[in-house]
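These are my notebook entries on a single chain.

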Amino acid sequence: RDIYSIISVKERNTNLVRTESKFSLDRILAILRNKSSEILDRTVGGREGNFLKAVLLGQRWLIEPESEDAFSKTGLAHMLAISGLHIGYIVMLLNFIQSLLRMHKGTAFILQAAILIFYCLMTGASPSVTRAVIMSLIYLGGKALGRKSEIINSAGTAAFIILLIRPLDIQEISFQLSFISVCSIALFSEPIQKALKFLPRQISSIVAAALAAQLGTLPLTAYYFNIISPVSVFANLLAVPILGLVVAGGLLTIMLGLIFMPAAAALAVS
């Protein structure tokens with residue numbers, strides 16, 4: 001990982017020698033991240049607020065160890081880290097806003113791309129988030145041009161771009177799990193959905209995607225984490241739709257909080 005040493009210092013032993021420019025990207029991202037965290041503290045707070053900070057801002061260290069262990073044992077640990085699932089829900093929210101405001105496709109794509117790239121940078125640009133954002137941009141760009149994107153090609157493009165910039169990411173667990181899960185969904189979800197044709201189409205598609213992702217990532221999960229959770233598929237079927245509501249509600253709370261805090265507080269309560 002190109003980490004050669006680790007040091008620790010006490011706050012009283014540090015001196016500020018330089019500050020970033022007020023208009024630097026890092027400073028803007030830090031200010032927005034801190035403001036978003038403050039909004040969630042003021043509107044939600046407690047363990048629920050910390051959960052939202054983990055799934056929306058990437059602050060996973062705020063999750064209590066026992067809670068994280070419970071998520072891991074039920075195969076829901078992926079919900080605590082920002083991944084393609086979270087970005088997918090954000091894209092759905094952006095598409096809904098586009099249709100609600102009846103925006104032109106080209107204008108909507110520019111706005112959506114700016115939001116996704118900014119969000120990716122604000123949350124640390126991990127391999128899974130970067131992959132999901134690149135694939136989302138390809139999908140949204142194709143939609144704006146009236147063309148359909150191919151999931152395997154999109155994943156390959158995302159992997160090429162990421163490894164071109166950060167070659168060592170290929171050794172990261174998040175990179176491997178992210179790309180294997182999306183490729184597994186592309187390869188196996190359709191055959192599984194056909195086998196589940198006795199279920200309603202919307203339900204069978206969710207079940208098929210969950211089973212396909214589990215099938216592809218099972219060997220890596222067993223190898224890296226020494227755990228196989230038999231209930232993970234059923235747990236995901238219940239938790240994944242709920243996560244969509246949580247992500248959408250949390251993002252709307254942050255956006256409202258940046259504009260009018262009482263409205264954000266009212267949304268958080270509801």
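**Entry 1: charge pairs.** I looked up Arg47 and Glu64 and found their side chains joined in a salt bridge, 3.6 Å from N to O. A salt bridge here is a side-chain nitrogen of Lys or Arg within 4 Å of a carboxyl oxygen of Asp or Glu. The pair connects distant parts of the chain, with Arg47 in helix H2 and Glu64 in the loop between H2 and helix H3 (65-73), 17 residues apart. Helices are DSSP runs of H or I of at least four residues, numbered from the N terminus. I noted Arg47 as exposed because its relative accessibility is 53%, and Glu64 as partly exposed because its value is 31%. The classes are buried for under 20% relative accessible area, exposed for over 50%, and partly exposed in between, with a 1.4 Å probe and protein chains only.

I record the basis of the work here: the model is predicted, so local features need pLDDT of at least 70 and side-chain atom pairs count only at pLDDT 80 or more, while totals for chains, interfaces and linings use all residues. Residues are numbered from 1 along each chain as its sequence is written, and side-chain values use heavy atoms, with hydrogens and water left out.

How many salt bridges does the rule give? The count comes to six. I took up two others in detail.

Asp41 pairs with Lys53, and their closest N and O atoms are 2.6 Å apart. This pair also links distant parts of the chain: Asp41 belongs to helix H1 and Lys53 to helix H2, 12 residues apart. Is Lys53 buried or exposed? Lys53 is buried, at 6% relative accessible area, whereas Asp41 is partly exposed at 41%.

Arg42 and Glu38 form a salt bridge of 3.7 Å, N to O. Both residues sit in helix H1, four residues apart, about one turn of the helix. Arg42 is exposed at 53% relative accessibility, and Glu38 is partly exposed at 37%. For reference, side chains of opposite charge can pair when their charged atoms come close.

**Entry 2: positive phi.** Arg102, not a glycine, has a positive phi of about 55°. Arg102 lies in the loop between H4 and H5 and is exposed, with a relative accessible area of 76%.

Ala125, also not a glycine, has a positive phi of about 50°. Ala125 is placed in the loop between H5 and H6 and counts as buried at 15% relative accessibility.

What lies 3.3 Å from the backbone oxygen of Ala125? I found a polar atom of the Thr130 side chain at that distance. Thr130 is in helix H6 and is buried, at 14% relative accessible area. Leaving aside neighbours within four places in sequence, Thr130 is in contact (heavy atoms within 4.5 Å) with Cys120, Ala125, Ile162 and Arg166.

**Entry 3: nonpolar cores.** I defined a nonpolar core as a set of buried Ala, Val, Leu, Ile, Met, Phe, Trp, Tyr and Cys residues joined through side-chain atoms within 4.5 Å. The largest core has 36 residues, of which Leu56, Ile87, Ile90, Leu116, Tyr119, Val247 and Leu251 touch the most other members. Two or more residues come from each of helices H1 (25-43), H2 (46-57), H4 (84-101), H5 (105-122), H6 (127-145) and H10 (232-259). Which element gives the most to this core? It is H10, with seven residues.

Apart from its neighbours within four places in sequence, Tyr119 is in contact with Val55, Leu56, Ile82, Ile87, Ile90 and Leu251. A second, separate core has nine residues, among them Met135, Ala158, Ala159 and Val182.

**Entry 4: surface patch.** Ile151, Ile152, Leu187, Phe188 and Leu215 make up a nonpolar surface patch with about 410 Å² of accessible area together. Patches take residues with over 30% relative accessible area and no salt bridge, joining like charges within 9 Å and nonpolar side chains (Val, Leu, Ile, Met, Phe, Trp, Tyr) within 5 Å. Accessible areas come from the Shrake-Rupley method with a 1.4 Å probe, and for residues only the protein chains shown count as cover. Helix H7 (151-165) and helix H8 (173-195) are the elements giving two or more residues to this patch. Ile152 is found in helix H7 and counts as partly exposed at 34% relative accessibility.

Technical notes
A polar contact is a pair of N or O atoms within 3.5 Å; within protein, one must be able to donate a hydrogen and the other to accept it, and residues adjacent in sequence count only if both atoms are side-chain atoms.
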